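Have the sequence and the 3D view open as you read.

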Amino acid sequence: MCLGVPGKVTRIDEASIGMPMGTVDFGGVVKEVCMAYVPEAGVGDFVLVHVGFALSRIDEEEAHQVFRTLAEMGELADLGLPRPGSARGREPGTAPERAGRS
Amino acid sequence: MKDKNMDTRRPDSAANHTAVRTAPNAATAAIPASLAGGPVCPAPALEEDAIQMAHGAGGRMMQRLLDSVFLPAFDNPALALQHDGAFLDVESGRLAVSTDSFVISPLFFPGGDIGSLAVHGTVNDLAMCGARPLALTAGYILEEGLPVETLRRIVGSMRSAAAHVGVPIVTGDTKVVDRGKGDGVFINTTGIGVVRAGIRVSPDAARPGDRILLSGTIADHGVAILSVRRGIEFGTTVESDSAPLADLVAGLLDAVGADVRVLRDPTRGGVASVLCEIAASSKAGLRIEESRIPVREEVRGACEILGLDPLYVANEGKCLVIVAPESADAALEAFRRHPLGAAAAIVGEVVADHPGKVVQRSRIGGARIVERLSGEPLPRIC
Amino acid sequence: MKFVDEYRSEEHARAFLEAIQRTITRPWTLMEICGGQTHTLLKFGIDELLPREITLVHGPGCPVCVTPIELIDQAVEIARRPEVLFTSFGDMLRVPGTRSSLLGAKAAGADVRMVYSPLDAVSLARQHKDREVVFFAVGFETTAPANAMAIYEAARLGLRNFSVLSAHVLVPPAMEAILGSPDNIVQGFLAAGHVCTVMGYREYEPIAEKYRIPIVVTGFEPLDLLHGIWMTIAALEEGRWGVENQYTRSVVRDGNLRAAAILEEVFEVCDRQWRGVGSIPLSGYRLARAYERFDAAARFAVATETAPEPSDCIAGLILQGRKKPNECREFGAGCTPEHPIGAPMVSTEGACSAYYLYGRR
């Protein structure tokens, strides 16, 4: 539900069973992975792999979001300001702006 | 020429035949002193290319198997006597004895095979007793149909491993079971060693303040085995760390001998199991730091994709030591001086809190208790 | 390891913990859906680092735990057939059925093999034309696309000796069942990041709206969970509800459309029994009509006699987050991983086993 591990695509080819397969490197350990669900991933990209299938391409830009949030929090805490989100005066029930990639 | 000589001593003469029947544990043909201990070259060939039931029956075929495969490989005076048992001359002192059986599958894996494993495993158990290995025995249970060539490879590997440590294999046994009743070959090795004077190591000797050291990276062996296991194989350069630790431990004992409390090699069940045993036995609390435990990057990758915790994965060439705090640095130095201990680290300490329990402080600062494993860890989906 | 190690930084973890501490003013009860998330929380000791005001309850996101015992019994019966080569993910092998587990059947001589990927089962079917290869297709939406592709491939290859025993379960109906219960105590959800990688999070929006509850799609690394918890607490403190996405490096609102297409093709939604919980409508997948021939239950038509769950097992309450494992009378006493009474103690993803393994007595 589940064990998804990010790995780096090192090779892509059409396997004999007619499905796009790739070689994915997990910290030096390599496995053959089915790439059918992430055709946009190329060699050098990172993909999330679950039971031998790539399910998404890791967005490197978005990957920094966690750290950007912390940095913002840190700056605001230093300035004595409340954290982002509370300052926008959103009505209860409205969906927050930053829900996913635009 | 040897063939001809051995011929006259084949156990098909009445006297020898009887001897074979009453002493099934060893080939019983006596060899004249002139041949004892001499190198045998070349080894007599076998007609069969696969093991048959008769090879374990104590008769002519078994003798040929011994002459062709085992005796030439393990050649030494005690073994050459081919008596029911071997005679060892020991200087006075305390003896240690250890036994282990090896049933690993596949028989050959990256970094080793069942043969080298069988030698290293028992040599290491003796080392964990603070003992210098003196002699090994080797008992084989062969499955009918095992290719003789496979057996030669395994025996050759045992020969190299034993020669490297300088330990003779002085007596042994061979049985054959029906096809389907064994996994190719099972090996048992028993080792006798002499305990170094002044050394008293015991799992119940850990005391608050003592430091916990590991001699190197963990989980290499287990990962190497899994990488070739049908159904979950993966590509990796990770090899089994199977290695003899006698030398490494000798160096440690030379440096800090009297201050060593506990010596264990974390094999099946991994570091976690050994720590739990020590905590229970010593009735002490053990604390380890996740970030200090040496793990190879590739081994981490493999454990991540299989959902395994390296703490529970087997090692075959590592040593866990608990030493008095004032000797921890010297112990670390002693390990690092040796090629097998290059990645050694101090990973934790013994505490007065939570007696009997092992606690790991995680990479991010939280703590968890390290429990005994129940059953074999299976790769998971979740 | 990239995209793993950065999310296990102690310095950043502490920063999140401080932020949560600054934000929180009163008690809140949160549920993380997925067993993998429970695992991370306990393994890294996050549950003990969080402020006392936060109560974490653990959701039913353990496919091994919720697979009905009848299905285990069916699997064991099918595996016993001499012509069958039974394949499964590792963690299903140990779950006890009424009489035996798959591992028990293997010990008794059945050909039961562990596979890493469902495609390995398809390969086996191609290699062993004389055997009937059966795959135990278990999992939530994360695993469903992989299982679907295996079936799709088997169809494309015209394989006649391949079939699946299907035990798929879906998250949103389970969340509704929990939230809709009069005894519900959950005030905020950490949704499962990998399920949402596949499905997106559109289907959670009406749930968040209906129950006025924050749902934060969260990843699996320590920093992901701390970030997700912080976002949830912030929403609760401000009286906000709705769906937010913490796991933006892998999840988009629409999910993986290619996966959705294959799921649509191979499966259709159906009612499902959840072990320990009961029947939840429209909470599972079965094979679509065009792929019915791959259904192992129909192909082998095995009859099983299933025993009712032992009464001392409170798995149902645990899976719904109403009780914690260490509140069960049998926990650690009559029920341990060596002799489990219920499923959540067998799977390391189960809350009971996770509590036992990481020593939360």
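## Two helices in chain B

H3(B) and H6(B) are roughly parallel to each other, because their axes cross at roughly 10° and angles under 35 degrees count as roughly parallel. Keep in mind that this is a predicted model. To find the pair, look for residues 60–74 of chain B, which form helix H3, and residues 148–165 of chain B, which form helix H6. Their axes come within 9 Å.

So which residues meet here? On the H3(B) side you'll find Val69(B), Phe70(B), Ala73(B) and Phe74(B). They meet Leu151(B), Arg152(B), Val155(B), Gly156(B) and Arg159(B) in H6(B).

## A covered strand in chain C

Now hop over to strand S9 of chain C, residues 242–245. Is each face covered or open? Both faces are covered: Gly242(C) and Glu244(C) are buried on one side, and Val243(C) and Asn245(C) are buried on the other.

S9(C) has a partner, too: strand S8 (residues 214–218) of chain C pairs with S9(C) in the parallel sense, over 4 bridges. Val217(C) stands opposite Asn245(C) in this pairing. To get from S8(C) to S9(C), the chain passes through helix H12 (residues 222–237) of chain C, making a left-handed β-α-β crossover.

## Where chains B and C touch

How many residues of chain B are in contact with chain C? There are 20, and they touch 38 residues of chain C. On the chain B side, helix H10 (297–306) and strand S13 (367–370) are the elements that give two or more residues. The chain B side divides into 8 nonpolar, 6 polar and 6 charged residues.

Technical notes:
Residues are numbered from 1 along each chain as its sequence is written. Chains are lettered from A and ligands numbered from 1 in the order in which they are written. This is a predicted model: local features need pLDDT of at least 70, side-chain atom pairs count only at pLDDT 80 or more; totals for chains, interfaces and linings use all residues. Axes are lines fitted to C-alpha atoms, for helices over the stretch in contact, and angles run from 0 to 180 degrees between N-to-C directions. Angles under 35 degrees count as roughly parallel, over 145 as roughly antiparallel, 65 to 115 as roughly perpendicular and the rest as oblique. Two residues are in contact if their C-beta atoms, placed from the backbone, lie within 7 Å. A residue is buried if 20 or more other C-beta atoms lie within 10 Å of its own, exposed if 12 or fewer, and partly exposed in between; C-beta atoms are placed from the backbone. Two strands pair if DSSP finds at least two bridges between them. A crossover is right-handed if, with the strands pointing away from the viewer, the path from the first strand over the helix to the second runs clockwise. Ala, Val, Leu, Ile, Met, Phe, Trp, Tyr, Cys and Pro count as nonpolar, Asp, Glu, Lys and Arg as charged, and the others, Gly among them, as polar.
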